[in-house]
Amino acid sequence: MADYILNSTSLPQAIHPFYPLEANIVGYLANRWSVPTLLGIFAGGWVVILGITLALVRSHNPNLPSRDKATILWFVLTGTIHLFFEGYFAFNHANMPGKQDLFGQLWKEYSFSDSRYLTSESFVLCMETVTAVCWGPMSFAVALLITYEHPLRHPLQALVSLGQIYGDILYYATSMFDHYGKGLTYCRPEAYYFWGYYFFMNFIWIVIPGILLYSSISESAEAFKVLDQQTRKAQGNGHLKKSN
C-alpha cells in the first residue's frame, strides 16, 4: 500500500485532455457546462448586443445604406470580442486552466484546438493583449465613424482590418512552424477542433477584414482621384484667368 501511495505521488499532477499531452497545464478543471450550453449563451448574448446596436444605428442614421449597417455590426462584434473576450484572456491567462465562468470555459473549449492559451505562451499572450488594447477600442471607434459618416472612417477601417489580418497570419504561422519545424502539435486529433475552431473561427478575421481593407483602399483611391481632378481643374481655371 505504501509503495502504491509513493508511486501515485510520482504521477503528473496536472492530467488534462489537451495536446501536447506533456504540456504543463497547472490547475486544470474540466468545464462544468456542456458545449451546446456555452455556445447557446454566447450566441444569445450576440443576438442581444447586435440587436441593440442595429436599433441605435437606425435611430441615429436611418438612411445609412444596409452595407454600412452590416459593417457597423461587424465592428461592434469584433470590438466586443477583442476588448472583452480576448481582454479577459490577457488579464486571466495565468489562471485560465481553472476558470469556470462563461469566458473561462469558452477559452478552455477553444483550447482543444490550441493549448497555448492554457500555458501563457508568449506569442498568444502578447498578440491577444495588443489585440484587446488596440483593435478593440478602435473597432468601436470605426463603428461610430461609420454611423455618423465621418471622413476618418476609411483610414481607421483600413488600419484595424490590416492589423487583424496581420495578427491572424502570425497566429497561423507560429503554430504551423511549431508543428512542422519542432514537431509540436497544440490541437487535439479530432478534425472538428482543427477545421472548426482553429481554422474557421480565425479565418473569418482574414476574409472579412480583407474585404473591408480592399473597400477602404478603393474608396481612398477614388477620393484622391476626384481631389486630383478638382485640383487640376482649379489650376487650369486659374491659368486661364491669368492669361485673360
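Phe112 and Tyr193 are both buried (under 20% relative accessible area, with exposed meaning over 50% and partly exposed in between, for a 1.4 Å probe and protein chains only). The model is predicted: local features need pLDDT of at least 70, side-chain atom pairs count only at pLDDT 80 or more, and totals for chains, interfaces and linings use all residues. Residues are numbered from 1 along each chain as its sequence is written, and side-chain values use heavy atoms, leaving out hydrogens and water.

**Aromatic pairs**

- Rings of Phe, Tyr and Trp (its six-membered ring) pair if their centres lie within 6.5 Å; planes under 30 degrees apart count as stacked, over 60 as edge-to-face and the rest as tilted.
- By this rule the count comes to 26 aromatic pairs.
- One of them is the tilted pair of Phe112 and Tyr193, with 5.3 Å from centre to centre and 35 degrees between the planes.
- This pair links distant parts of the chain, 81 residues apart: Phe112 lies in the loop between helix H4 (102–110) and helix H5 (122–147), and Tyr193 in helix H7 (residues 191–243). Helices here are DSSP runs (H or I, at least four residues), numbered from the N terminus.
- Trp195 and Phe199 form an edge-to-face pair, 5.4 Å centre to centre with 70 degrees between the planes.
- Trp195 and Phe199 are separated by about one helical turn because they are 4 residues apart in helix H7.
- Trp195 is exposed, at 52% relative accessible area, whereas Phe199 is partly exposed, at 30%.

**Annotated spans**

- An unreviewed UniProt entry lists residues 38–58, 70–91, 122–146, 158–174 and 194–215 as "transmembrane region"; such annotations may be inferred rather than shown by experiment.
- Residues 70–91 are 100% helix and 0% strand, with end C-alpha atoms 30 Å apart.
- Residues 194–215 are 100% helix and 0% strand, and their end C-alpha atoms lie 30 Å apart.

**Salt bridges**

- A salt bridge is a side-chain nitrogen of Lys or Arg within 4 Å of a carboxyl oxygen of Asp or Glu; the whole structure holds 5 of them.
- Asp114 and Arg116 form one, at 2.9 Å from N to O; Asp114 is buried, at 0% relative accessibility, and Arg116 is buried, at 1%.
- Asp178 and Lys182 form another, at 3.8 Å from N to O. Asp178 is buried, at 10%, whereas Lys182 is exposed, at 54%.
- Arg188 is joined to Glu190 by a salt bridge, with the closest N and O atoms 2.9 Å apart; Glu190 is partly exposed, at 26%.

Conventions. Helices (H or I, at least four residues) and strands (E, at least two) are DSSP runs, numbered from the N terminus.
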